[in-house]
Amino acid sequence: MVEFGTNFLKLLTLAKINLEKYEGREQSLAKHLVLENYLEGLAVKTLMSRYTEFTFVDAFSGPWNTQDDSFSDTSPAISLRVLKKISNIVSAKKHREPKVTCIFCERDLSKIEKIYEIIDSAKLPKNFTVKVIHGEFLKSIDEIITLVPKSAFKMCFIDPTGWTGLDMKSIKPLISLPNSEVLINFMYEFVNRFINHPNEAIREGIAGLSGSMFSNLDEDQRESKIIDHYRNALSEICDYKFTPAAQILEPKVNRTLFYLVFGTNHSKGLELFRASQHRMATEYSWIRQRALDRAIEEKTKQETLFGEDEQRLIGRATYDSWVAEQKLYARAYIIQESTKPWTSSFSRVAESIMNRFALKETHVKDLVVEIYEEGFVDNTWSHGRRKKPKDDDIISYTPK
Ligand SMILES: C[S@@+](CC[C@H](N)C(=O)[O-])C[C@H]1O[C@@H](n2cnc3c(N)ncnc32)[C@H](O)[C@@H]1O
């Protein structure tokens, strides 16, 4: 795969965020930021290398809760906008048009009309094929598979309103197609609430999400046990090597609403997902502060002391302490798990840490340097006059 430096990816800036459209549902903005960032990076990386076709499947398309007449705050509009932009870039750079296929599935007829409106106003070039399926996602899987070009790189976005229609064993034939990645909105709040429901059908529905009962859920680390169970199921049932997850908190309260769980078999996909998560987290951090300030204003009928500059400062500090916390968890994981000496390339260490913890590759480099300073690993990178390790450097760990 041809690699692009971060400079090239930086040129692909996000469309300006229109916060007013996400007022009161800032969590959807967080979801859309990850989707937009990831899809953009993935489409560039695949279409500028050996792939000439790209397919995006939006399994639960909506539009849903939109606050914009042009639907710019919905996944169908975002995906079409991003893919059109990337298709133009690729056509100009490679002197050939990629083949782009988008498939939107939605069960509600009134929304199907809106999807057609979105497609019309996207003014797509001829190299785009768009299919709209009116139906239940699970019942449409066979049809969707027939529409997906075999040679395309595929990304599937699964964003349901509840937990029904998401049985992992049933969605496997689609999301395990060769050269696929998947982004799933795992409705943690629902799962946590209904996991021990007295109604057996509800309990079984929840268990179907991961193909088996969520078990051993005492209160201690309940949340991490639930999400790890789901991530492991995605890895085992759908054969994904990496299944990182991004936690999305409620806008005004420190409580988890959902996780964006991602499946990929490529370390570059893992890296790109974490980079997308962090781009989202830097924005969402101050946007949550803004939402909180607005709620206080409404309650007290008084203007808060903070303007956008202060909100951004507070957001940045919150983001920085979250990163520091993730690094502490990762450090504790390395040190507690490593009771015997081990040797591994830096890239393997980075994969293992990024798969479990919300850290970017650069954070893992810093972490390795920190545990070297504490005497846990040998320094194999400064011979090359580097301050931090890179992919092929061997990391040798010795427990104390
Ligand atoms: C959370 S909304 C999707 C939001 C959209 N992905 C976005 O980000 O803008 C979920 C959508 O799935 C639709 N839906 C619910 N159950 C479905 C099913 N079993 N099959 C297909 N669509 C379904 C709902 O009508 C709703 O429009």
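At what angle do H11 and H13 pack, and how far apart are their axes? In this predicted model, in which local features need pLDDT of at least 70 and side-chain atom pairs count only at pLDDT 80 or more, totals for chains, interfaces and linings use all residues. Residues are numbered from 1 along each chain as its sequence is written. Helices (H or I, at least four residues) and strands (E, at least two) are DSSP runs, numbered from the N terminus.

H11 and H13 pack at an angle of about 55°, and their axes lie 11 Å apart; axes here are lines fitted to C-alpha atoms, for helices over the stretch in contact, and angles run from 0 to 180 degrees between N-to-C directions. That angle makes H11 oblique to H13, given that angles under 35 degrees count as roughly parallel, over 145 as roughly antiparallel, 65 to 115 as roughly perpendicular and the rest as oblique. The crossing of H11 past H13 is right-handed, a crossing being left-handed if the near helix is turned anticlockwise from the far one by less than a right angle, and right-handed if clockwise. On the H11 side the contact is made by Val 323, Lys 327, Ala 330, Arg 331 and Ile 334, and on the H13 side by His 363, Leu 367 and Ile 371; two residues are in contact if their C-beta atoms, placed from the backbone, lie within 7 Å.

Helix H11 (308-337) has 30 residues and reaches 43 Å from its first C-alpha to its last, close to the 44 Å expected at 1.5 Å a residue, where the expected span is 1.5 Å times one less than the number of residues. Its buried residues are Gln 311, Gly 315, Ala 330 and Ile 334, a residue being buried if 20 or more other C-beta atoms lie within 10 Å of its own, exposed if 12 or fewer, and partly exposed in between, with C-beta atoms placed from the backbone. These buried residues of H11 pack against helix H10 (267-300), H12 and H13. In helix H13 (residues 361-373), the 13 residues should span 18 Å at 1.5 Å a residue, and the end C-alpha atoms are 19 Å apart, which agrees. His 363, Val 364, Lys 365, Leu 367 and Val 368 are buried in H13, and the buried residues of this helix pack against H11, helix H12 (346-356) and strand E9 (394-397). Just after H13, Gly 375 takes a positive phi of about 90°.

The loop between H11 and strand E8 (342-345) contains Pro 341, which counts as exposed with 9 C-beta neighbours inside 10 Å. When residues up to four places away in sequence are not counted, Pro 341 touches Tyr 397, Thr 398 and Pro 399. Pro 341 and Phe 137 are 204 residues apart in sequence and 48 Å apart in space, C-alpha to C-alpha.

Seven strands form an open sheet of mixed pairing, in the order E3-E2-E1-E4-E5-E7-E6, two strands being paired if DSSP finds at least two bridges between them. Strand E3 (128-134) and strand E6 (245-249) stand at the edges, each with a single partner strand, so one side of each is left without a neighbour in the sheet. The twist averages 10° from one strand to the next. E6 and strand E7 (residues 256-263) pair in the antiparallel sense over five bridges, and the bridge partner of Ala 245 in E7 is Val 261.

Strand E4 (residues 153-158) is mostly covered, with six of its six residues buried; Phe 153, Met 155 and Phe 157 lie on one side and Lys 154, Cys 156 and Ile 158 on the other. E4 pairs in the parallel sense over five bridges with strand E1 (residues 53-58), where Thr 55 has Lys 154 of E4 as its bridge partner. E4 also pairs with strand E5 (residues 180-186) in the parallel sense over five bridges, and the bridge partner of Cys 156 in E5 is Val 182. Met 155 of E4 counts as buried with 26 C-beta neighbours inside 10 Å, and touches Leu 39, Leu 42, Phe 56 and Glu 181, not counting residues up to four places away in sequence. Met 155 and Thr 264 are 109 residues apart in sequence and 9.8 Å apart in space, C-alpha to C-alpha.
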